[in-house]
Amino acid sequence: MAIYHLPRGTQDFLFERTLRLEYIESVLRDLAESYGYAEIRTPIFEHTEVFLRSVGESSDIVNKEMYTFTSRGERSLTLRPEGTAGVIRAFVEQKEYAQQDYPYKAFYLGPVFRYERPQAGRYRQLHQFGVESIGTRSPYLDAEVILMACHMLNELGIHHYRVKMNSIGDESSLKRYREALQSYFAPAISTLCEDCHRRLDQNALRILDCKLDGDKEIVKNAPKISDFLSDESQQYFSQTLQILNDYQVPYVVDDRLVRGLDYYTDVVFEIEAEDHEGHSFGAICGGGRYDRLVKEFDGPELPAAGFAFGMERLLLLLEKDELLHSIVRELETYVMPLEDKVFQYAFDVMMHLRLQGIQSDMDYGMRSIKAQFKTVDRKRAQYAILIGTSEMEQQSVTVKSNTTKEQKTMPVDELVPYLAEQFATREEEHTHTCDCGHDDHDCCHGEGDCHHHQH
Ligand code: HAM
């Protein structure tokens with residue numbers, strides 16, 4: 001077996017897929033900013049207690065999935081299995097609550113680590129894009145968070161999805177519900193898996209989303225949280241759903257959705273998506289309200305809500321639906337020295353282009369003209385800049401468009417203005433042919449199947 005290979009559940013993103021991820025990130029980032037969120041970055045590892053306090057000791061994540069290690073200073077540290085805990089820890093530690101401009105709206109993006117059994121769409125290092133909105137308890141805010149997630153999907157061109165909604169109530173409803181589940185499952189616990197035995201004592205709620213027993217009749221027939229909600233929680237949930245109705249969000253109420261992390265209260269949701277052939281991609285986004293967590297981290301009593309998208313799942317879905325075909329790596333110019341003795345001149349032309357803000361690369365190997373043209377194609381260079389002896393002697397260049405194949409020799413001084421004009425015309429043409437309404441992007445070429453993108 002090869003020694004140098006990827007650990008299970010991880011993957012390399014090479015050029016093209018990185019570009020696709022960057023595109024997805026830029027759509028999410030731009031939209032989050034337009035909803036008033038700003039980016040924060042927290043460490044990839046935290047003291048283990050941060051996750052014990054938040055994600056919770058009864059969760060699968062804490063029990064089985066954390067990458068925990070002891071530092072040289074004998075402290076227990078854990079690679080973050082999700083982003084919310086770190087954000088709230090930072091919010092409290094840095095006293096961000098002092099500014100009181102609530103809601104405090106943060107978004108983040110980065111790797112998280114879970115020791116799960118790898119399978120399609122499930123990784124041990126994954127990336128999440130998440131948002132957290134702290135300081136406000138209002139159904140409008142719960143709805144806004146969900147509306148924003150849907151807006152993000154629509155913007156990416158994903159339309160086959162539905163939002164599963166539930167309310168798990170406030171602390172007292174949850175407590176009564178847990179007790180009811182415990183009495184319900186106790187007599188039949190021997191029919192459930194080992195983990196469920198532990199869950200029965202620790203937190204019977206976790207039995208409902210057991211990956212092994214979740215589909216058994218006994219679990220399906222368990223008492224429902226909706227029968228335990230306080231009037232306030234019930235009303236809060238109805239108000240949130242009403243706002244989603246007003247905005248035609250495709251949701252279903254799923255009273256078995258409890259989410260696998262312990263910090264939630266009241267409204268919780270997950271977004272499930274299908275590809276165009278109707279194959280499920282599982283949950284691409286999960287989130288909800290968590291009104292106790294800031295206090296748990298010794299902060300003030302402040303409510304909060306948020307969600308996180310799984311970036312790999314979004315990427316797989318968009319790739320499956322061929323929604324990323326126009327996200328390709330391109331290069332504006334590729335300089336081709338045709339003889340050894342022009343190399344220095346060609347190098348100077350390339351640097352001149354770069355210093356003037358035009359992308360450029362060149363052949364350093366003095367390969368044949370045919371080989372160099374192949375590179376021009378492979379790199380999707382828009383223009384080849386050919387340089388031979390006569391070009392060097394006349395301080396000129398020959399510019400060949402890789403689209404029209406037209407070529408033109410001109411003094412080197414005219415190269416930058418010429419290219420700038422060509423690029424501006426190209427941009428304009430794309431803007432005019434596009435009827436998607438996104439007039440600042442190169443997109444559907446008039447075919448209406450666009451998602452705008454950046455190069
Ligand atoms: P989560 O549901 O555990 O929530 O994860 C959010 C999303 O991350 C999932 O819907 C899924 O798309 C992706 N994901 C999770 N595990 C994996 C995996 N092993 N492989 C690939 N993708 C995965 C949270 O993490 C909460 N912190 C969300 C939140 C923010 N709630 C409030 N604020």
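How far is a nitrogen atom of the ligand from an N or O atom in the side chain of glutamate 82? In this predicted model, the separation comes to 2.6 Å. Of the 660 Å² that the ligand exposes when taken alone, the protein buries 96%. For readers who like to think in areas, the size of an interface is often given as the accessible area lost when the parts come together.

The surroundings of the ligand can be described residue by residue. The shell holds 27 residues, and Glu82, Glu116, Glu132, Arg259 and Tyr264 are the closest of them. Sorted by class, this shell contains 12 nonpolar, 8 polar and 7 charged residues. Strands S6 (125–134), S10 (280–289) and S11 (304–310) each contribute at least two residues to it. Strand S10 provides the largest share, with 6 residues.

Rolling a probe the size of a water molecule over the atoms shows where empty space is left. The lining of this pocket is made up of 19 residues, with Tyr383, Ser401, Thr403, Thr404 and Arg426 lying nearest its centre. By class, the lining divides into 4 nonpolar, 9 polar and 6 charged residues. At least two lining residues come from each of strand S14 (381–387), strand S15 (396–401), strand S16 (407–411) and helix H15 (412–433). Helix H15 supplies the largest share of this lining, 6 residues.

On the scale of the whole chain, the protein is divided into two parts: domain 1 covers 15–170 + 230–320, and domain 2 covers 333–430. The C-alpha centres of domain 1 and domain 2 are 47 Å apart.

Most residues other than glycine have a negative phi, and most peptide bonds are trans. Tyrosine 102 and proline 103, however, are joined by a cis peptide bond, with omega at about -5 degrees. Proline 103 sits in the loop between helix H4 (84–93) and strand S5 (104–113). Glutamate 74, a residue other than glycine, has a positive phi, near 65 degrees. The loop between strand S3 (67–70) and strand S4 (76–79) is where glutamate 74 is placed.

Conventions. Residues numbered from 1 in each chain as written. Predicted model: local features only at pLDDT ≥ 70, side-chain atom pairs only at ≥ 80, totals over all residues. Heavy atoms only, no water. Near = heavy atom within 4 Å. Polar contact = N/O pair within 3.5 Å; in protein donor to acceptor, adjacent residues only side chain to side chain. Areas by Shrake-Rupley, 256 points an atom, 1.4 Å probe, with all protein chains shown as cover. Helix = DSSP H or I, 4+ residues; strand = E, 2+ residues; numbered from the N terminus. Nonpolar A, V, L, I, M, F, W, Y, C, P; charged D, E, K, R; others polar. 1 Å grid on protein atoms, 1.4 Å probe; cavity = no way out; pocket = protein on both sides within 12 Å on 5 of 7 lines; lining within 4 Å. Domains from an automatic or database assignment.
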